[in-house]
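Hi everyone, thanks for coming. I'd like to walk you through a structure, so please have the viewer open and follow along.

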Amino acid sequence: DTTVIRSSFIHFLQDPAQADNINNTYQYLEDGLLVIENGHIKTLTAFDAQTAQQYPSVIDKRGKLIIPGFIDTHTHYAQTQMIAAYGEQLLTWLNTYTFPTEAQFNDIEHARKISQFFIHQLLKNGTTSALVFGTVHPQSVDALFETALEKNMRLIAGKVMMNRNAPTELLDTPESSYHDSKKLIEQWHNKGRLQYAITPRFAPTSTPAQLQLAGQLKAQYPDVYIHTHLSENKDEIAWVKSLFPEREGYFDVYDHYGLTGKKSIFAHAIHLTDKEWDSFQQTDSVIAFCPTSNLFLGSGLFDLTTADSKRVRVGLGTDVGAGTSFSPLQTLNEAYKVMQLQGKKLSPFKGLYMATLGGATSLSIDDKVGNFIPGKEADFVVLDLAATDLQKLRFSYSSGIEDKLFALIMLGDDRNIYETYVAGKSVYQRDTSSPN
Ligand code: GUN
Ligand code: FE
């Protein structure tokens with residue numbers, strides 16, 4: 001089973017922030033040939049007629065740019081229907097909008113319907129892998145995994161653990177959350193390309209007893225992920241202090257219960273102390289940077305510069321429904337502005353690295369996806385750089401690849417996603433007859 005595609009390609013080989021010369025961090029082929037065999041990358045080379053002739057058919061996608069599939073390192077599928085909820089910051093937003101919405105996922109039919117909508121939105125935006133929050137209901141995760149399995153997607157998800165400070169119908173208990181999560185791990189972890197994340201919502205909605213059992217579960221299944229929120233909002237941080245006075249700080253709450261480490265992903269991490277940055281580095285824990293959410297909820301500006309200087313891995317997260325877009329391009333657009341507000345630059349190379357190989361590294365799946373190294377799974381996106389009349393005009397005056405990628409990030413969205421491939425199969429094609 002071989003597929004051969006001729007097009008332009010760009011992919012990343014290392015983190016631009018850690019490189020002496022940015023030009024060594026990516027490979028750009030203006031006219032390249034990608035060979036896919038049994039859903040995996042066989043080769044990516046410059047086009048030459050002789051090589052192409054070895055194959056009975058070559059799919060011609062010249063004029064497009066192919067990049068690795070986007071990786072969303074933090075999002076909530078059950079919040080899809082409440083995206084763009086007006087007026088509140090984190091804690092009021094949760095009580096006013098989020099909890100009533102998540103309560104509906106007690107109904108598996110509702111969960112299935114939203115799962116299908118959500119997975120379609122990912123593919124339509126070029127996202128081929130994601131780390132996803134379910135709700136407290138185990139069936140919410142069954143529904144999402146069933147849908148992702150049909151598409152053969154590399155998806156990581158988990159049932160929310162939360163046993164206090166939320167409406168009664170959304171609470172589990174330490175014991176039920178342990179047993180339900182364990183059952184889901186046994187059923188889903190490593191089924192196809194699916195993996196499981198133990199998912200305590202955040203410290204305020206778990207008692208010490210629940211966090212302790214979450215840590216026990218992680219010790220029993222060291223290969224699964226930990227996925228939660230950390231230091232997003234100042235009122236939240238003060239609340240954690242009052243709920244866990246015996247702990248040194250917010251990060252220490254998770255660390256104390258064995259929930260930090262190289263497969264632990266913390267969304268936000270905006271307001272960290274110097275000591276907490278050191279702890280991130282020492283434990284090799286990971287941050288999901290969610291710019292649209294951080295601006296929308298007025299949470300604050302993430303300090304990517306310090307993360308890079310400490311070599312803390314950072315992935316890009318849409319954080320829908322606090323995040324306002326499914327598009328990694330739109331998310332990078334706002335990441336750029338978050339850096340501008342701090343007097344810093346975010347190069348398009350660093351941005352696209354974060355959305356692809358950097359995301360894979362953050363999720364410890366960089367041996368499987370993230371770029372076009374031979375042997376990796378063939379998850380990729382065919383981009384149309386000039387999908388709108390404004391983009392066509394802008395690109396007719398564009399000089400090089402760096403400028404093109406930057407303008408793509410600023411002006412781009414789902415209209416630029418021409419086609420999405422998962423494990424070598426085309427799973428989404430844009431209907432180009434629809435208006436721009
Ligand atoms: N902290 C705890 N729960 C949530 C959530 O659902 N969204 C965001 N943005 N932060 C959280
Ligand atoms: Fe979130």
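In which hand does α5 pass α6 in their crossing? The crossing is right-handed. Before I go further, please keep in mind that this is a predicted model.

Let's stay with that helix pair. Helix α5 covers residues 174-188 and helix α6 covers residues 208-220; their axes come within 9 Å and cross at roughly 25°. With that angle, α5 counts as roughly parallel to α6. If you'd like to click on the side chains, α5 brings Pro 174, Ser 177, Tyr 178, Ser 181 and Lys 182, and these meet Ala 209, Gln 210, Leu 213 and Leu 217 in α6. Sorted by class, that contact holds five nonpolar, three polar and one charged residues.

Now for another helix, α13. How many of the eight residues of α13 are buried? Eight of the eight, so this helix, residues 348-355, is largely enclosed by the rest of the structure. The buried residues include Phe 349, Leu 352, Tyr 353 and Met 354, and Lys 350 is on the buried list too.

On to the strands. One open sheet has seven strands, and its order is β3-β2-β1-β4-β14-β15-β16, with mixed pairing. At its edges sit β3 (40-46) and β16 (425-429), each pairing on one side only. On average, neighbouring strands here are turned by 35° against each other, direction ignored. Within this sheet, look at β1 (residues 2-12) and β4 (residues 59-68): they run parallel and are joined by four bridges. For a landmark, Arg 6 has Asp 60 in β4 as its bridge partner.

Next, strand β6, residues 127-133. Is it mostly covered or mostly open? Mostly covered: seven of its seven residues are buried. It has parallel pairing with β5 (residues 70-76) over five bridges, where Thr 75 has Val 132 in β6 as its bridge partner.

Let's move to a loop. Gly 375 lies between α14 (357-362) and β14 (380-383). Why does Gly 375 count as exposed? Because Gly 375 has 9 C-beta neighbours inside 10 Å, and the cut-off for exposed is 12 or fewer. Leaving aside neighbours within four places in sequence, Gly 375 is in contact with His 40 and Ile 41.

Last stop, some backbone geometry. Most residues other than glycine have a negative phi, and most peptide bonds are trans. Ser 231 has a phi near 45°, a positive value, and it sits in the loop between β10 (225-230) and α7 (234-243). Ser 231 is buried, as 25 other C-beta atoms lie within 10 Å. Asp 284 also has a positive phi, about 60°, and its loop runs between α9 (274-283) and β12 (286-289). Asp 284 is partly exposed, with 15 other C-beta atoms within 10 Å. Finally, the peptide bond that joins Val 320 and Gly 321 is cis, with omega about 5°. You'll find Gly 321 in the loop between β13 (314-316) and α12 (328-340).

Conventions:
Residues are numbered from 1 along each chain as its sequence is written. Chains are lettered from A and ligands numbered from 1 in the order in which they are written. This is a predicted model: local features need pLDDT of at least 70, side-chain atom pairs count only at pLDDT 80 or more; totals for chains, interfaces and linings use all residues. Axes are lines fitted to C-alpha atoms, for helices over the stretch in contact, and angles run from 0 to 180 degrees between N-to-C directions. Helices (H or I, at least four residues) and strands (E, at least two) are DSSP runs, numbered from the N terminus. Angles under 35 degrees count as roughly parallel, over 145 as roughly antiparallel, 65 to 115 as roughly perpendicular and the rest as oblique. A crossing is left-handed if the near helix is turned anticlockwise from the far one by less than a right angle, and right-handed if clockwise. Two residues are in contact if their C-beta atoms, placed from the backbone, lie within 7 Å. Ala, Val, Leu, Ile, Met, Phe, Trp, Tyr, Cys and Pro count as nonpolar, Asp, Glu, Lys and Arg as charged, and the others, Gly among them, as polar. A residue is buried if 20 or more other C-beta atoms lie within 10 Å of its own, exposed if 12 or fewer, and partly exposed in between; C-beta atoms are placed from the backbone. Two strands pair if DSSP finds at least two bridges between them.
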